[in-house]
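Subject: Structure handover

Hi,

Here is the structure for your files. My notes come after it.

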Amino acid sequence: MKIAMLSPIAWRTPPVHYGPWEQVTSLLTEELIKNGVEVTLFATGNSITEATLQAVCPTGYEEDKGIDAKVWECLHISECFENANEFDIIHNQFDFLPLSYSKLVNTPVVSTIHGLSSPKILPVYKKYNKHTHYVSISNADRSPELDYITTIHHGIDLSQFTFNANPEDYLLYYGRIHHDKGTKEAVEIAKALDKRLIIAGIIQDEHYFKEHIVPYLKAKKIEYIGSVGPEKRNELLANASVLLHPINFNEPFGLSIVEAMACGTPVIAFNKGSMPELIDDNKNGFLVNDIDEAIEKVKHIDSINRTDCRKKVEQQFSKERMCEKYIELYKQILNK
């Protein structure tokens, strides 16, 4: 079986810090290789992989602002589809633009929809609905206007996350600094409880950060430490008493939730989007509706057995399970 894996090129695959789509693409690619699947990874030239790397863009356009995103996305996608006849399946992890090439080739195209960034892009997905195979990353993140061949939850590399039964006494916010992700709400929860909060992640909205976060930053109380790499991420997640995830949108998945639980750290999340598929309420965290409920649940976080958090990830969100599901899907498509 020969698979063309089309990764985004905003960041390196795998990313150094932020880059969830690239991260999932990398994990799947490397696991497919371990399972004897022949994979060519179309990604940035500085990507790291055991697959055959085919690259036209040297680095991610978020890493080098001198790179014109539209120009290099065009070159990147065309490079993959111009070589389509070399592959049994093209697996599109890139979003909607590659769909416009799909009718020009005979190779089946699988598209993992990592989330619809805007209703404005839906017409593209609708146009190619009957021609390609759409995979949703959660049952919650499905448009009623599209057909899906299956849902496959993201998986993580459990060896990268250390289980810790005895955490420190701090709250953690780990994610983009943006209204959607609820950074402001996390600060309000910490202030109400007079607890230490560590904030880690890229600043996606500078105005939001300066208005709602900066005024409350204080050493050993509410701290922003920037974006972190894998080693620091593991340390932060494993030592936190709880991960706060007070989102303001219907999140398609939530890698940080699964990563926290892999360390044994329970999650308190606003009950939106895919959260009920990741969190079993009162088992590996709490699903809440507002800040007041979140504050109350932090007080009872010790009632969560951290071992149960780890077990949930081992059973449902490993990279091995994700890979197994995709191999089953590839075989299903090729045997039609």
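Predicted model: local features only at pLDDT ≥ 70, side-chain atom pairs only at ≥ 80, totals over all residues.

Residues are numbered from 1 along each chain as its sequence is written, and side-chain values use heavy atoms, without hydrogens and water.

Cavity. The whole structure has one cavity of 30 Å³ or more. On a 1 Å grid over the protein atoms alone, a cavity is a set of points where a 1.4 Å probe fits but cannot get out; a pocket is an open set with protein on both sides within 12 Å along at least five of seven lines; lining residues have an atom within 4 Å of a point. Volume is the space filled by probe spheres set on the points, with grid points joined across faces, edges and corners. The largest cavity holds about 50 Å³. Its lining includes Pro15, His17, Tyr174 and Arg233.

Pocket. The second largest pocket holds about 310 Å³. It has 16 lining residues, with Pro14, Gln23, Leu27, Asp157 and Gln160 nearest its centre. α1 gives the most, six residues. Helices are DSSP runs (H or I, at least four residues), numbered from the N terminus.

Helix pair. α1 (residues 20-34) packs on α11 (residues 319-334) at about 75 degrees, axes 9 Å apart. Axes are lines fitted to C-alpha atoms over the stretch in contact; angles run from 0 to 180 degrees between N-to-C directions. So α1 is roughly perpendicular to α11 (65 to 115 degrees).

Best wishes

Definitions and conventions
Helix = DSSP H or I, 4+ residues; strand = E, 2+ residues; numbered from the N terminus. Parallel < 35°, antiparallel > 145°, perpendicular 65-115°, else oblique.
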